[in-house]
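Please work through the following dialogue with the sequence and the model at hand.

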Amino acid sequence: MIKDRLTSPQVTMQLFAAMVGVGVLSLPGSVGTKAGTDSWIVIIISGFLAMLTVALMAYLGNRFPGQSILQYAPFLLGRFAGTIVLIAFLLYFLMFVGTVVRISADVTKLFLLDLTPVEVIIIGMLGMSSYLIMHGVNAMARFNEFIQPLTVFLLLLVLTQTFRDTDFGRILPMMGDGIRPLIKAFPTTFFAFLGFEILLFIQPFMEKPAMACKAAWFAIGAALLLYTLITVLSIAVLGAKEVTLVEYPTLTVIKNIEVPGAFIERLDSIMMMVWIPFSVTTIVMFHYCASLIASQLLRLQEHRVIGLLIVPVVFLIAVLPRNILEVDEWSKWASWLGAALASFIPVLLAVVYKWRSKGRNA
Amino acid sequence: MIAPVYTRLLSVPLLLLLPLLLSGCWDRVEIQDRLFVMSVAIDKTKESSGKRSYYEFTAQLTEASALSGKVNNPRISPVWNATTSGPSIFECIRLMATRVARQPYYEHLQSIVIGEELAKEGIDRPLDLFYRDHESRRKIKLIIAKGTAKDALHVKPKLLPVSGRYISLLTEEGEAKTARLPKTASIGQFSSNYHNGETVCYQPFVPKRTK
């Protein structure tokens, strides 16, 4: 069944693409409301926790070469419980795609396409992601390999221009309020790293599955650096209070730039150009995994048809929230579900695996 | 390789979706249709007027084609200071639609002038919209006027046609060449300083009496 092969740099790109998404714009604000100046510490801590979780996932994947969670979850947990786990993952992916599509369409509408109905932007994005997943995991990998370095490079280039306005004294004091704000902000930052659970699904496509852990660590490390950089810069330019006040701190920081005497004076359009690929690649990865699960549950040979059939479902999820507050609520629920699945399921599977193999040896 | 039947069947609705994109850009606004706002003046409405409204909002609208001298009609003036009043700045901006036939475009806003009376009460609330709105930038100059802000916009600079631009350039030059204007003369700077509890100081811009 598996025809497509992925190299480990490609897997790094895929995971990076799945993790870094719509959150880039609002992350400094959502963390800043809880952790204030200590935001970057929380981000680093949760990044390392994500690395731990992903190591467990890679461990599981290596015990079952050529199989993904689709096969070994029913095997380890039994048919019934395994199916429930897969359905939970499917629900999470569908909700996540729906909210991500909605958020990106909302922001695109706000900043670029004032008069375009939000439904049209959603259809455009879903159409693109369906087209991409029709061609399988290899085409997606090549797409990510092309898009991600370009966007990250552009983003870093734009961010260099913010240094003029920074005041790194604003990051101080460190841990001024003790450890409580860090714990409070922890879920928010962990949500920013969600997307690494894709590894459970794409590991069997790897040429060398043993390299999965390293590839995933690189991806999380890159996302960690990017998030930390953005958060530190936002706080250094705006100050911790101001970061929570504006809606999209990253964009505000970039709007602050005025390149003197240059041909392009405003860089916020470049930021939007960077941000749309970020969100599209996230949508693609989650859409693909949702269709993989659905095809497995329905015992289909291929994920293609089901990939198209879940588009209307995702569209409905995306247009259901009436305003941005409801979107936030939805995305919070999706993130909690995702965080629970991504952290508990690998532990559960690993424990069951250990227990079973011990039983076999005895 | 011939594609399976279902792929070919599915490609038909997908192809039918494509012509939807052919109609072109929906959000296009031609540059001659844009009405640029160069400067904004915010005042407190006078108590005696008896109205419920709180802010008096003046936008300096400029007509690009008239500024460039292409319009020879003397009736059409390139600059127009239109005033509305309402309980919030957002409502004032929307009420602009009842004065001006075209939609004002705030992305090239150069300066915000605040009247003396309002400044004494606090300028955080009236400025709130400008911190957050996606059309405004953080580098907009912030000036406190002696007297009313509306009068400050009526200054007639000798060399520049638009007083809002003049005010903005004045603060820039004043900051670079002399020490008489503070460095924190943009709304972004003000907002950061104000909300982080740092010190803020502003030099008032004194409007010249027009004879």
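This is a predicted model: local features need pLDDT of at least 70, side-chain atom pairs count only at pLDDT 80 or more; totals for chains, interfaces and linings use all residues.

Q: How many residues of chain A are in contact with chain B?

A: Two residues are in contact if their C-beta atoms, placed from the backbone, lie within 7 Å. Here 20 residues of chain A are in contact with 16 residues of chain B. Helices (H or I, at least four residues) and strands (E, at least two) are DSSP runs, numbered from the N terminus. The elements of chain A that give two or more residues to this side are α5 (79-111), α11 (240-245), α12 (249-255) and α14 (304-319). The largest share, three residues, comes from α11(A). For classes, Ala, Val, Leu, Ile, Met, Phe, Trp, Tyr, Cys and Pro count as nonpolar, Asp, Glu, Lys and Arg as charged, and the others, Gly among them, as polar. The side of chain A that touches chain B has nine nonpolar, five polar and six charged residues.

Q: How do α7 and α13 of chain A cross?

A: Axes are lines fitted to C-alpha atoms, for helices over the stretch in contact, and angles run from 0 to 180 degrees between N-to-C directions. The axes of α7(A) (residues 136-160) and α13(A) (residues 268-297) come within 9 Å and cross at roughly 155°. α7(A) is therefore roughly antiparallel to α13(A); angles under 35 degrees count as roughly parallel, over 145 as roughly antiparallel, 65 to 115 as roughly perpendicular and the rest as oblique. A crossing is left-handed if the near helix is turned anticlockwise from the far one by less than a right angle, and right-handed if clockwise; that of α7(A) and α13(A) is left-handed.

Q: Which residues of α7(A) meet α13(A)?

A: An α-helix has 3.6 residues a turn, so residues three or four places apart point the same way. In α7(A), the residues that meet α13(A) include A:V137, A:M140, A:N144, A:I147 and A:T151. Their partners in α13(A) include A:I270, A:V274, A:F278 and A:T281. By class, this contact has 13 nonpolar, three polar and no charged residues.

Q: What does α2(A) pack against, and at which angles?

A: α2(A) and α8(A) (residues 180-193) pack at about 165°, with their axes 8 Å apart, which makes α2(A) roughly antiparallel to α8(A). The crossing of this pair is right-handed. With α10(A), α2(A) packs at about 65°, the axes being 9 Å apart, and this crossing is also right-handed. The contact with α10(A) is made by A:V24, A:L27, A:P28, A:V31 and A:G32 of α2(A) and by A:Y227, A:I230, A:T231, A:S234 and A:I235 of α10(A). Its residues divide into seven nonpolar, three polar and no charged.

Q: Is A:V24 buried or exposed?

A: A residue is buried if 20 or more other C-beta atoms lie within 10 Å of its own, exposed if 12 or fewer, and partly exposed in between, with C-beta atoms placed from the backbone. A:V24, which lies in α2(A) (residues 23-35), is buried, with 22 other C-beta atoms within 10 Å. Beyond residues up to four places away in sequence, A:V24 touches A:I230, A:T250, A:W275 and A:F278.

Q: Which residues have the most contacts inside the largest nonpolar core?

A: A nonpolar core is a set of buried Ala, Val, Leu, Ile, Met, Phe, Trp, Tyr and Cys residues joined through C-beta atoms within 7 Å. The largest has 152 residues, and A:L199 and A:A216 have the most contacts inside it. Helix α10(A) (residues 212-238) gives the largest share of this core, 16 residues.

Q: Where do the buried residues of α8(B) pack?

A: In α8(B) (residues 187-195), the buried residues are B:I187, B:G188, B:F190, B:S191, B:S192 and B:Y194. They pack against α10 and α11 of chain A together with β5 (111-114), α5 (124-132) and β6 (141-145) of chain B.

Notes. Residues are numbered from 1 along each chain as its sequence is written. Chains are lettered from A and ligands numbered from 1 in the order in which they are written.
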